[in-house]
Amino acid sequence: EVREHLKTPIFDNWQWEEAEMMVLLQVMYTDLDFLMVFHIELEVLQNFLFEVYCHYNNIPFHNFQHCFCVTQMMYGLIWLTDLRNKLERIDLFIMLTSALCHDLDHPGYNNVYQINAQTDLALRYNDISPLENHHCAIAFGILSKVSLMLINVLILRCILATDMARHNEILNKFKVTLPVFDFKNKEHKEVLMKIMVKVSDISNEARPMAVAEPWLDCLLQEFFNQSDTEKLKGLPVTPFMDRDKVSKPSSQTNFIRFVLLPLFTELTKLFPCLEQHILEPVRRALEYYSNMEKATQEEAGATKS
């Protein structure tokens, strides 16, 4: 029963301890036949998953539980869209592993902060996607440490694609391929893999509200930590992270309207079955937060008068 539930976007991460999540990740790698196809010893997989676990930090949002949710969503999407019969096993391995590793050693402060504060990461990567480059470097370090030699340039490209600064560029590329999409075309396949990792990364709002809303609280906590630090250090304050300007509903309505819906809508054109599984829930989330925003504004108006 859990095995089947694991293949759906309604899976509730809050019901599970981190040790149990490790076992569930093992199930995902096993049920997609990766151990058999790539001759991976179970012990090597377990070492790999443990190293990944150890390289996520104890921060409000970009932590191991987020990594698990993104990987679980990717796993669910692979089953829902029947990608097992459309792509090679190595493609699926790259997608699942990119999801798993996409935020390794995240410090809880975004790229804008890294660049403005001139952190070591920003200097090391010349201000170009410092975090995503760092996540990749850690991922490749772990893969070679546990002798899981399926290191692939596409893992790098999929993780780099999660930098939201490149969102429109990647989405537009995908849009162009859609009318002529061919699963055997290497470039089409690569942009689809990036889109799948991106969708999984920001898919919380496609989950039931009881699962999604606590995640938003975690995210805002991390955002507010960053803007507080920016104020303390006299750095430019990231507007959508400023606790004096951002409310819970306002942060979500714009994000859903301008980022999530356009992205999910395009993916649904390729896989119409996703309409009910991820697009409808996101539309409901928009309605939920729009109503909350309206109520908040009316309340504020009533207080003023």
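Q: Which residues does the UniProt annotation "binding site" cover?
A: In this predicted model, the annotation, taken from an unreviewed UniProt entry, covers His62, Asn63, Phe64, Gln65, His66, Asp103, Asp201 and Gln252. These residues are spread over 191 residues of sequence, and they are also spread in space, up to 22.7 Å between C-alpha atoms. From this set, His62, His66, Asp103, Asp201 and Gln252 belong to the lining of the largest pocket.

Q: Which helix supplies the largest share of the lining of the largest pocket?
A: That helix is H13, with 8 residues. At least two residues of the lining come from each of H7, helix H9 (130-145), helix H13 (209-233) and helix H14 (248-270). By residue type, the lining has 19 nonpolar, 15 polar and 7 charged residues.

Q: Is Asp103 buried or exposed?
A: The cut-off for buried is under 20% relative accessible area. Asp103 has 6% relative accessibility, so it counts as buried. Asp103 sits in the loop between helix H6 (89-101) and helix H7 (111-116). Apart from residues up to four places away in sequence, Asp103 touches Tyr56, His62, His66, His135 and Asp201.

Q: Where does Asp201 lie, and what does Asp201 touch?
A: Asp201 lies in helix H12 (residues 186-201). With a relative accessible area of 14%, Asp201 is therefore buried too. Beyond residues up to four places away in sequence, Asp201 touches His66, Val70, His102, Asp103 and Thr162.

Q: Is Gln65 buried or exposed?
A: Gln65 counts as buried because its relative accessibility is 17%. Gln65 is placed in helix H5. Residues up to four places away in sequence aside, Gln65 touches Asn13, Trp14, Glu18, Met21 and Trp215.

Q: How many residues does the largest nonpolar core have?
A: In soluble globular proteins, nonpolar side chains tend to be buried together. The largest nonpolar core here has 93 residues, and Tyr29 and Phe48 have the most contacts inside it. Helix H5 (residues 64-80) gives the most to this core, with 10 residues.

Q: Which residues is Phe48 in contact with?
A: Setting aside neighbours within four places in sequence, Phe48 is in contact with Tyr29, Thr97, Leu100, Cys101, Ile142, Leu143, Val146 and Leu148.

Notes:
Residues numbered from 1 in each chain as written. Predicted model: local features only at pLDDT ≥ 70, side-chain atom pairs only at ≥ 80, totals over all residues. Heavy atoms only, no water. Core = buried A, V, L, I, M, F, W, Y, C linked by side-chain atoms within 4.5 Å. Buried < 20%, exposed > 50% of the residue type's maximum accessible area, 1.4 Å probe, protein only. Helix = DSSP H or I, 4+ residues; strand = E, 2+ residues; numbered from the N terminus. Contact = heavy atoms within 4.5 Å. Nonpolar A, V, L, I, M, F, W, Y, C, P; charged D, E, K, R; others polar. UniProt positions renumbered as here; feature names shortened; annotations may be inferred. 1 Å grid on protein atoms, 1.4 Å probe; cavity = no way out; pocket = protein on both sides within 12 Å on 5 of 7 lines; lining within 4 Å.
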